[in-house]
Amino acid sequence: MSYKVSFYKQNGYFFFVLLLSFIVSSGFMMESDTERSDRQKRKRIIKTAQKYIGTKYRTGGKTPRGFDCSGFSSYVFSKNNIKLGANSSSQSLQGHPVKIKDLQPGDLIFFGSKKRINHVGIVTKQSRKELRMIHASSSRGIIEEDITNSSYWQKRIVGGRRVI
């Protein structure tokens with residue numbers, strides 16, 4: 001009987017080490033409450049933003065009757081209890097800087113020049129193959145688009161910020 005108990009203990013230990021090894025090597029980790037909360041906030045922000053696809057563009061617009069880029073991002077985030085500045089330049093100073101390759105859905109992406117930020121979008125998807133954002137286009141209103149291969153957007157990217 002003691003042999004079996006010892007055998008099971010050894011197997012139990014081996015199984016634990018094997019499981020721990022799998023968890024570490026696969027990158028599988030338990031999600032913390034904070035990470036889960038952030039992930040849910042990101043999903044809500046994207047869902048809120050997507051409700052307004054097709055809304056017309058309006059210079060200085062900050063409501064569903066018409067949005068400009070910063071009015072749109074500010075409105076979407078306010079619906080999710082996050083206060084953003086009134087213009088893209090002030091929004092570009094909020095939160096924490098994030099490298100373009102590290103952007104996540106719900107992060108802000110900024111465009112312009114080194115001297116002046118003049119556009120903001122909300123990242124909806126980031127992968128090795130695509131970078132999607134939802135934003136207020138002056139010619140098409142609120143749209144979601146992949147900017148990965150857009151020479152127009154790529155040469156104007158200034159940076160990203162995480163405010164969640």
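A search of the whole structure finds eight salt bridges, a salt bridge being a side-chain nitrogen of Lys or Arg within 4 Å of a carboxyl oxygen of Asp or Glu. The structure is a predicted model, in which local features need pLDDT of at least 70 and side-chain atom pairs count only at pLDDT 80 or more, while totals for chains, interfaces and linings use all residues. Residues are numbered from 1 along each chain as its sequence is written, and side-chain values use heavy atoms, with hydrogens and water left out.

Side chains of opposite charge can pair when their charged atoms come close. Helices (H or I, at least four residues) and strands (E, at least two) are DSSP runs, numbered from the N terminus. Asp107 also meets the side chain of Arg162 in a salt bridge, at 2.8 Å from N to O. Here too distant parts of the chain are linked, since Arg162 lies in strand S8 and is 55 residues from Asp107. Arg42 and Asp107 are both buried, and so is Arg162. Buried denotes under 20% relative accessible area, exposed over 50%, and partly exposed the range in between (1.4 Å probe, protein chains only).

A further salt bridge joins the side chains of Lys125 and Glu130, at 2.9 Å from N to O. Lys125 counts as partly exposed at 38% relative accessibility, whereas Glu130 is buried at 18%. Through salt bridges that share partners, Lys125, Glu130, Arg132 and Glu144 are joined into one network.

Helix H2 comprises the 18 residues 33-50, and its end C-alpha atoms are 26 Å apart, in agreement with the 26 Å span that 1.5 Å a residue should give. The expected span is 1.5 Å times one less than the number of residues. Arg42, Ile45, Ile46, Thr48 and Ala49 are buried in H2. Seen down the helix axis, the buried residues of H2 fall within an arc of 160°, so they line one face; the arc is that of the directions from the axis to the C-beta atoms. The face turned away from this buried side carries the exposed residues Asp33, Lys43 and Lys47. Packing partners of the buried residues of H2 are helix H3 (69-78) and the strands S5 (117-126), S6 (131-137), S7 (141-146) and S8 (157-162).

Strands S5 and S6 run antiparallel and are joined by four bridges; two strands pair if DSSP finds at least two bridges between them. They form a hairpin with four residues between the strands, and within this pairing Ile122 has Ile134 of S6 as its bridge partner. S6 is also joined to S7 by six bridges, again in an antiparallel arrangement. This second hairpin has three residues between its strands. Across it, Ile134 stands opposite Glu144 in S7, and His135 has Ile143 as its bridge partner. Six of the seven residues of S6 are buried, so this strand is largely enclosed by the rest of the structure.

Ile142 lies in strand S7 and is buried, with a relative accessible area of 1%. Leaving aside residues up to four places away in sequence, Ile142 touches Ala49, Tyr52, Ile53, Gly54, Thr55, Phe67, Phe72, Ile134, His135 and Ala136, contact meaning heavy atoms within 4.5 Å. One of these, Phe72, is 70 residues from Ile142 in sequence and 8.3 Å away in space, C-alpha to C-alpha.

Thr55 is placed in the loop between H2 and strand S1 (62-63) and is buried, at 13% relative accessible area. The Thr55 side chain reaches the backbone oxygen of Tyr52 at 2.8 Å. Beyond four places in sequence, Thr55 touches Pro64, Gly66, Phe67, Gly141 and Ile142.

Asn81, in the loop between H3 and helix H4 (88-91), is exposed, with a relative accessible area of 76%. The phi angle of Asn81 is near 60°, a positive value in a residue other than glycine.

How values were computed
A polar contact is a pair of N or O atoms within 3.5 Å; within protein, one must be able to donate a hydrogen and the other to accept it, and residues adjacent in sequence count only if both atoms are side-chain atoms.
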